[in-house]
Amino acid sequence: MTSSGAVAATKPSRSRPSPARFFWWVVFILGVLYFFLPLLATLLFALRSQPFLSAFTDTLTASDFWSALGYSFVIGIITIIISVVLILPTAFWVRLRVPRARPFVEFITLLPFVIPPVVIVFGLLQMYANKPLSLTTAPYGSDLLLIGAYVVLSLPYMYRSIDAGLRTLDILTLTEAAQSMGAGWGRILVQIILPNLRVSLLSGAFLTLAIVVGEYTIASFLARPAFGPFIALIGRNEAYRPAAVAIISFGLTWLAMGVIAVIGRGSRTRIRVVGAH
Amino acid sequence: MGFLDLTDVRKEFTGGTVAVEGFNLKAEKGEFVSFLGPSGCGKTTTLRMIAGFERPSSGSITVDSADITDKAPHLRNVGMVFQSYALFPNMTVAGNIGYGLRIRKRPADQIKKRVGELLELINLGGRGDRYPWQLSGGQQQRVALARALAIEPHVLLLDEPLSALDAKIRVQLREQIRTIQRQLGITTIYVTHDQEEALSLSDRIVVMSEGRIEQIGTPAQIYNFPATTFVAKFVGSLNVVTAKTVDGAAGTVTIDGLPVRTVTPFQAAVGSDVVLALRPEVVTIVGEGEAASSRTANRLHAAVDEVTFLGAVVRTRVKLPGGTTLNFDTFNDPHAVVPALGSAITIGFPAEGCLVLAD
């Protein structure tokens, strides 16, 4: 009797919402409305196309949509690979051997936030479009410039993701353990550090991909057939299709986030359990 | 020349901090040597120099007559076990143990066989497909030990491997480490700040303080005959007291004005201070009218200050007339009468149990 009475007595106080809790629910609902109302409006607008869903079907069956998306996707993948190859060893070495240089490296990686893309692209054109390099005279040259610019744009996202991942690992001890087993630096990076940064790398990679797919300024100035300029172009010429494209690209982004969540689930469990020992 | 030789090893870090100074050690093949000392005494730095993670500022390190002082860590064939296990989280238990062998490009069947043998050795047979996070701390440390042993290292280094484990597992695992080490006959350096661990595991102990070696000896030598005040204070629970010299050549002193005989002659001016170490287990309570014997050659009157029941032993603290305190242990006897606090007693100890220490 006593124990059940005690339980009954505690139940109402648990379920009674406190003012703070109510406040946070209001903030949460406002946030959800702020993010989803424009999306809902865009979806409803796209659905007004006649015949019904034609904005979506036209987009998904149009070759220009897929070629632009495909181009940006390939450029994005190459950007991610180059970013990882550059940033992973740098972040690893900074954490392991020169931690004092971290503020400086962080400052460098933040530069893309303060230098607008238009300045970057003008700088690139000034440097590489003229003789002796004249990279923009051939398409692959412009592609190289585009990738270079995107690697710079991805720096803050990729560096921070990798650095956050490295922070969760005892990289000094893992490195020394691998060295005592006979592993050199290459093996340590590829076989020990890289696999344990899977979730961080995926986060950085998807952020980079999202930036590359949506980027307009640099691709437009370099006259590359990327997805950003494609959206801008159809936005000027058509009514409902840009809204459908926005919804589809939003869906693709959510799909990518879902992939991160699914792949990362196992690793998060591991980190928690190891930390409990 | 020993199997592992450290000669005049010195380590000075940037900023001028000297971590290790004048370190000399010759460890024989198959020997188990412990580096014992408090935090910051340089024991881990010395171990890391053997592993190659730190480079000595001067001096040399040789293994089996080969100079490894400047060799990269991954070329030394030195196995290391870390306090935090340092298992690779992305690899299974078998993957961790076989990692060093895969680097050495051993055939897959050989690796599988060796991993199986080591899993049996550490009593984790059949758990090769588990991930480190699925194991307890003790099991993880056993896997780390097996991983270090898999490469058949010239020297096995253990850096406080039991510190992160609870007391019961620690005792079990240290016995297992000793058994495996004896079985494989591998030269082992073990870093610890736990005296009991060092005493129970080692063939020899190197006691360190402030980057220097205080004493090297067998556990019995270190415990029974501490060479310095530091060793006496750090190892075991010796009574370290200041005494006044009466006749150094005869080994006689006074503690709080009470005469005490030692068996070691020493050089000191009459009336000067010397430091004495007295093991708690050689001190006994002298009964009234008890005849003199060698066990109670030194007799001091004291007052009981505190009695602490520790299970198997009872530790009594007494105060001498001048305020000096001494601890002594007696085996627990349920029928024995424990001296009352404040009561006057006479304690006795042999001259052999009283050591004059260097500073």
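## A covered helix and some backbone exceptions

Helix α8 of chain A, residues 171–181, is mostly covered, with nine of its 11 residues buried. This is a predicted model. Among the buried residues of α8(A) are Ile171(A), Leu174(A), Glu176(A) and Met181(A). What do the buried residues of α8(A) pack against? In chain A they pack against α4 (63–96), α7 (139–167) and α9 (185–196), and in chain B against α1 (43–51), β6 (78–81) and α2 (93–103). After α8(A) comes Gly182(A), which has a positive phi near 110 degrees.

The two chains touch: 22 residues of chain B are in contact with 19 residues of chain A. On the side of chain B that touches chain A, the elements giving two or more residues are β6 and α2 of chain B. The residues of this side comprise 15 nonpolar, six polar and one charged.

Most peptide bonds are trans, and most residues other than glycine have a negative phi.

| Peptide bond | Omega | Loop holding the proline |
|---|---|---|
| Gln50(A) to Pro51(A), cis | near -10 degrees | between α2 (19–47) and α3 (54–61) of chain A |
| Lys131(A) to Pro132(A), cis | near 10 degrees | between α6 (117–128) and α7 of chain A |

In chain B, Asp64(B) is not a glycine, yet its phi is positive, about 50 degrees. Asp64(B) sits in the loop between β4 (58–63) and β5 (66–67). Asp64(B) counts as partly exposed because it has 15 C-beta neighbours inside 10 Å. Asn123(B), also not a glycine, has a positive phi of about 60 degrees. Asn123(B) lies in the loop between α3 (108–121) and α4 (137–150) of chain B. With 10 other C-beta atoms within 10 Å, Asn123(B) is exposed.

How values were computed: Residues numbered from 1 in each chain as written. Chains lettered and ligands numbered in written order. Predicted model: local features only at pLDDT ≥ 70, side-chain atom pairs only at ≥ 80, totals over all residues. Buried ≥ 20, exposed ≤ 12 C-beta atoms within 10 Å, placed from the backbone. Helix = DSSP H or I, 4+ residues; strand = E, 2+ residues; numbered from the N terminus. Contact = placed C-beta atoms within 7 Å. Nonpolar A, V, L, I, M, F, W, Y, C, P; charged D, E, K, R; others polar.
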